[in-house]
Amino acid sequence: MKARVGSVPYLNAKPLTEGLDAVIYEVPSRLAECLRRGELDAALVPILEVLEWPNYEIVEGCAIGSEREVKSVFLTYPLHEKVRIATDIESKTSVALAKIILEKDLNFKAQWVEPEEKFEAQLMIGDRALNFRKNYPQTPVLDLAQAWYQKRQLPFVFAVWAIRSEFQEKQALAERLRETKEKGVKQVEKYTASIEEEIYLKKNISYELGVLEKKAILRFQEELLSLGLIKERLALHWL
């Protein structure tokens with residue numbers, strides 16, 4: 001089976017990709033662009049991508065999410081009405097989640113600015129966020145997955161494997177991706193350089209995509225619609 005597969009270059013994705021052939025690594029926003037244009041057959045994309053674009057099959061059984069605190073997606077303080085927040089340009093999903101938490105849960109709107117502009121708070125994701133937590137352990141942050149869980153009692157799914165609907169061997173590829181995940185999550189220590197990283201992959205990251213995670217994705221879809229962050233409710237197709 002020849003498949004062009006893309007993934008993110010983050011620590012938390014390694015258990016999902018180890019052993020796959022010739023994976024192309026890009027930041028989340030770039031992966032989504034490549035998949036839309038047909039430059040990839042499948043990619044580990046931000047969940048927002050499958051809620052905005054209809055031509056995908058979502059692979060059941062594997063994802064990147066968090067049941068509560070994720071540690072690698074957060075806002076720094078201060079957080080208040082019209083605070084200027086520097087966005088992380090790598091992920092639209094995290095920006096959308098942050099807007100939901102601020103506008104629906106904390107009842108205020110922020111000003112979203114580019115990182116090179118003047119700002120008071122930051123949205124940080126991925127390995128950069130983990131490094132920030134390591135270097136500044138006493139700095140308070142608003143963990144977005146934890147904030148989502150506290151109000152909704154649901155996990156949050158950040159990324160899923162999406163396969164283009166026209167790819168002829170999508171069922172076989174989905175099985176291959178699930179097999180890779182099953183092997184990967186049993187040996188996470190192989191991908192880590194410290195006990196902190198191992199704890200992060202084992203305790204903060206969830207690689208499941210089952211009934212509860214599907215419910216959480218649909219809840220996220222509804223919240224996005226309520227704030228006008230997506231245009232329509234797409235039917236999701238599971239593989």
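**Ground rules.** I worked from a predicted model, in which local features need pLDDT of at least 70, side-chain atom pairs count only at pLDDT 80 or more, and totals for chains, interfaces and linings use all residues. Residues are numbered from 1 along each chain as its sequence is written, and side-chain values use heavy atoms, with hydrogens and water left out. I took helices (H or I, at least four residues) and strands (E, at least two) as DSSP runs, numbered from the N terminus.

**Sheet.** I looked up the strand order and found an open sheet of 5 strands, E7-E6-E8-E5-E9, with mixed pairing; two strands pair if DSSP finds at least two bridges between them. Strand E7 (111-113) and strand E9 (141-143) are the edges, each pairing on one side only. The twist averages 25 degrees from one strand to the next. I then checked strand E6 (residues 84-86) against strand E8 (residues 121-125): they run parallel and are joined by 2 bridges. Ile85 stands opposite Ala121 in E8.

**Helices on the sheet.** Helix H5 (residues 126-135) lies across strand E5 (73-76), E8 and E9, and runs at about 120 degrees to E8. For angles I used lines fitted to C-alpha atoms, for helices over the stretch in contact, with values from 0 to 180 degrees between N-to-C directions. H6 also packs on the sheet: H6 touches E5, E8 and E9, and its direction makes about 60 degrees with that of E9. Contact here means heavy atoms within 4.5 Å.

**H4 with H6.** The axes of helix H4 (residues 92-105) and helix H6 (residues 144-152) come within 10 Å and cross at roughly 45 degrees. The pair is therefore oblique (under 35 degrees is roughly parallel, over 145 roughly antiparallel, 65 to 115 roughly perpendicular, the rest oblique). I listed the contact residues: Ser94, Leu97, Ala98, Ile100, Ile101 and Asp105 of H4, with Leu144, Ala147, Trp148, Lys151 and Arg152 of H6.

**H4 with H9.** I found that the axes of H4 and helix H9 (residues 211-226) come within 10 Å and cross at roughly 70 degrees, so H4 and H9 are roughly perpendicular. From H4, Thr93, Ala96, Leu97, Ile100 and Lys104 make the contact, and from H9, Phe220, Glu223, Leu224 and Ser226.

**H8.** In helix H8 (residues 195-204) I noted Glu198, Tyr200, Leu201 and Asn204 as buried (under 20% relative accessible area; exposed is over 50%, partly exposed in between; 1.4 Å probe, protein chains only). The buried residues of H8 pack against helix H1 (14-17), strand E4 (56-66) and H5.
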